[in-house]
Structure formats: C-alpha cells, structure tokens
Amino acid sequence: MDFSTPRADAQHIAVFLVAGLGVLFLMVRLSSVSLRAKQHGLSLPPGPKALPFIGNLLNMRMKQPWETITKWGKQYGDVVHVEVLGQSIIFLNSAKATSDLFEKRSTIYSDRPRLPLLNDILGLNWIFALMPYGNIWRKHRRLFVSMFGPSDAHIFNPVQEHASTRLLERLLKKPEDFRDHIRLLFTIASSSHSGQSILMSAYGLDVDSCDNHYITVAEEVMSIVADAARPGRWLVDSIPMLKKIPAYFPGAFEHQKVKHFLKNIRDLRETSYADSKEMLANGKSPMQSFVSELLEKHGHAKEEMEGAIRDCAAIAYGAGSDTSVGALAAFVLAMAQYPGVQKKAQDQLDTFVGSSRLPSFSDRKNLPYITAIMKETLRWHTVVPQGLPHCLREDDIYNGYFMPAGSIVIGNSWGILHDPDIYPDPMEFKPERFFNSEGELDYAAIDPSKYGVFGYGRRYCAGYTYAENNLFLAITYILSTLDIGLAKDVYGRPVPVALRPTFSILSRLPYSHPSSFKCSITPRSEQTKALIIQANSF
Ligand code: HEM
C-alpha cells in the first residue's frame, strides 16, 4: 500500500482508529463477563492463565489441540475456561459434562458461534450447520435428515454399493494411491450409476477422477471455510467492527481470497444443483439422489423449498466427505497395524459371505465383528477431535461456575473417546471391547457414537446413519476381497506404521486425518481378484 497519498494516509489513520476502537471493545467485553460473574458471586471455570488483552491466544496456537485440551482437563477438571481476545471458550472434558449441558440443557447450548468472517464477509449464512439455533435451521435440518437420517438413508445403499465396488477396482489397479481412491469414494455419493458416493448421493453427478471440477471446487470451498472457522484465528471474529480493515492489517482475511471463494461457492451451491436438475430433465440420472428425490416430493412447487433443497445438497459434500475420508484412512492403517484383527474379520466374512460374491447390507446382522471394527475405527481415530463449536445463548451456572452467554462451548470428544475409565487401553485398536462376556456384540453402553464421534445434543451429526452405512460397506468390501499389510522397504523389511493424527491436509481444522503412511494392498486370492474384476464389468 502506498502511504504517500492523502487518501492512503486517511486510510492508514482510519485503520488505527478502528484498531483502537477494537481494543476498547475487547476491554468492555472482558469487563462485562467479569462483572456478570461477580454479580452471581461466582467465578469462571478454571483454566490456563490468560495474558492481558490477548488472553490465551498463544495457548490456542497448538499443533495437536486434543492432547493439550485433554491435559487441561486432567489439570483443571471437567470444565475448562480459556479466553481469546475477549471471547470465552469453554471445553467440556467428560461424558457427564457434555450430557449435562449439550443434552439436558440443549435449548441454550445448541447455538453456533456467530463468525462475521464466515457469515457476513463470505456470505455462508445459508449453511444450516453454521446457522443459529432457530426456525430456519430446524427447517433445513429436518429436510436434510428426511433423506440422510435413519428412516431413509437406505435409499442410497445402491449408490454406496456401487461406489464401494469401484473402490475395489481402483485399489486393485493402483494400491499405492489408496488415499486418492478413498477421497474419490466419499466424494460422489449421490445418484448416478458410475461414480462414487457423496456427489452422487447429493446430486447424481458422476465424478471419475480427483481432478474433477466439482471436487476441486468443493475442496477449495471446504479449505477456506475451515480456515475461516478456526476459533481465535481471525481478528474480525473477535472484533466484528474490523470487517472492513485492509488485508495488510495483522489478522485480516486476505481479501483476494474472498473474491475467488465467492465464485467457487457459487459453483458449488448453484452450478452443481443446476447440472443435477438438467440431468434429471434429460432423464440421465438413473439412481436416486437427494436432489431428485426431494424435487419429486416437494420440489417443482415453491421457490423457498427449492432453495432449501439446493442449499442442503451443497452441505452434504462439505460435512460428509472429509470426515468419511479420515475415518476410512484410519481403518486401512489399523488393518496394517493389527493383522490379528483383520484375520478375525476375514474369517467371519468367509463363513457368512464366502468368496463367490461381494457382501451387501443385508449381511450386516451376520457380521458383528465388522460392526465392532467400524465403531472402533471411529473411536480410535477421532475424526472431529473437538467436535464443532456450540455457543451458549444465556448466562448459566454449572458445577458452581459461571458460564457466560456468548461462550463458545466445545466437547473434547478425543479426550472422552480416549478416557481409560470408559475405554481401557484407549490407544489400542480393540474391537473386542464391544463384545460381552458371552461373546455377543453389545456396545450400547459404550457406543462411541454416544460419546462425541458425531457431536452432541440437537446439533448431532445430521448424516450419521448415512456415514456409518458408507463406512460399514467400504470396510466389508475391502476385508472380503483384499489383504492389507505393512509395506516393505528397499531391503524387503516391513515398514511399521502408527497412528499419528493430524489435521486434514485439506482443512486442518476441525477434521483430523491420520498422517501419511504406506501399506501394501493385495487381492486375498485369485478368486477375489476375479470377483472384483467381474463386479466392475457391469
Ligand atoms: C465419519 C463421518 C462423520 C463424522 C465423524 C461426522 C461428525 C460430525 C460432528 C462431530 C458434527 C458436529 C455436531 C455438533 O455440532 O455437535 C457433525 C455435524 C454435521 N454432520 Fe457429520 N460427520 C460425518 C459424516 C457426515 C455425513 C456423511 C454427512 C452428510 C451426509 C454429515 C452431515 C452433517 C451435518 C449437516 C452436520 C451439521 C448439523 C447441525 O449443525 O445441525 N456428516 N458431524
């Protein structure tokens, strides 16, 4: 920026004026929280010491937050308070605290934080996952769950079976690219005959390579959304009056990114939907998709309903793709690391399915060990280690502490899912933990889905049935036809693997993926190889 012109000088002065006002705003916010706490004669929950003005900003710049937050839980207790630039953030570190607040007091703990960058600058207030708790959120969520929820998610089973069949073919041909294949699998689940799973399930669009335009656009959108949503990352979220500050100011979102983003979001939200409608009109969408089903049911009617269908379809990709990719990658890692578990699962598949056909959803009741592997995968590698942030609507009191309205409230799902009191040897991959002493699958009391895998209360993951179906099927298909083992180095020695969670390459936050690793993937036999080829020849 050129400061030599009167206009630039004026802009410069304006920036520092706004910054000064911002500091004032922070001071007012901070003192209002302490004042309200004092009025109740209570203190805020304990937590690491905060510095003046920036609070715990430096504590929050951590590489593996799940470990730090879990340590805080051990040091300070079930409820930990930190403050970043005047914003209270409360971590809930036990299943009791998440249940007491997210479930039992859900009317005040189900809001989302208002993030000016996401909502106002990037214009994402149409995404119900980010919407405040209220009627519009409720309406969109209901529409979404009517297709992806427990009663109707089964309509996507044919798409999911088809997508998993294609996954096997790719793993057979290029096993070393397994992460790309997994990514493709969970991208396309929507409606047509030839692709993978989320875009197919949502729109009926077929995508054949990771370079496809739909995927590239969707991934760019996700990456920016995730960057924009990081608590404490952008100054404008702490001080909304800084919305207009120029890009050179520390903490400002890069403005050139915004323009590019707005084009991509238009492509994701509107172009994919328009393409899907056109395919429907031309009779080119042979399998059911979210869009085709809902347009048939309500669609062609009201504009408002059509807008909701279009918006919900765009959300399916954002919410469902990266999460599922992280979970299946963790499964592959677990099989390479725990050959005994793999063998036991394959014995069950050989007994109940055999090697002359691929498994199907109807086999599930005979495959309890595979269900246990799926549950353990979701627990062992917690894809959303700190859930998505909720926001507290009203001042509250919990365990004798003052919980200020407007606090961001985060369930420490990783900590709960690795709590040795609930899951002994939590770092070990042990599907056996879900069986009772009679050897029957009996996971209800410690079902990881109840302890944070899919979040909490009224904001609980709106696509969990669909997600579990997808994961179960992909795991079953892989185990019945392929062997996963350790890769070999140049001297033929096995290369050990270990779970090292990291933020997704795509989004860094809030989704976690296992760090990159190598493994070998080979057909179990000539017969299973022939089965994969035959299944893909239709
Ligand atoms: C392994 C896969 C998945 C995991 C681990 C997962 C996990 C989560 C978590 C932790 C939340 C936050 C809940 C909260 O705020 O308390 C969430 C929300 C959500 N998920 Fe999932 N999810 C997965 C797959 C999917 C899929 C496949 C879809 C769509 C088909 C989906 C759609 C959503 C939506 C729409 C929300 C926002 C709900 C709301 O704000 O009302 N998810 N998910």
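Of the 28 residues around the ligand, A319, G320, G455, C461 and G463 come nearest; a residue is near a molecule if its C-beta atom, placed from the backbone, lies within 6 Å of it. Keep in mind that this is a predicted model, where local features need pLDDT of at least 70, side-chain atom pairs count only at pLDDT 80 or more, and totals for chains, interfaces and linings use all residues. Numbering starts from 1 along each chain as its sequence is written.

Helix α14 gives the largest share of the ligand shell, 7 residues. At least two shell residues come from each of α6 (135-148), α14 (303-337) and α18 (464-481). Helices here are DSSP runs (H or I, at least four residues), and strands are E runs of at least two, numbered from the N terminus. Here is the shell by class:

| Class | Shell residues |
|---|---|
| Nonpolar (Ala, Val, Leu, Ile, Met, Phe, Trp, Tyr, Cys, Pro) | 19 residues |
| Polar (the others, Gly among them) | 7 residues |

Now to helix α4 (residues 95-103), where A95, A97, T98, L101 and F102 are buried, with 20 or more other C-beta atoms within 10 Å of their own. Viewed down the α4 axis, these buried residues fall within an arc of 155°, so they line one face of the helix. Their cover includes β1 (79-84), β2 (87-92) and α17 (413-417).

How confident is the predictor? The chain's mean pLDDT (confidence in each residue, from 0 to 100) is 84, and 81% of its residues reach 70 or more. Over residues 188-195, however, the pLDDT is below 50. Where pLDDT is low, the predicted coordinates should not be read in detail.

Notes: pLDDT is the predictor's confidence in each residue, from 0 to 100. Two residues are in contact if their C-beta atoms, placed from the backbone, lie within 7 Å. A residue is buried if 20 or more other C-beta atoms lie within 10 Å of its own, exposed if 12 or fewer, and partly exposed in between; C-beta atoms are placed from the backbone. The arc is that of the directions from the helix axis to the C-beta atoms.
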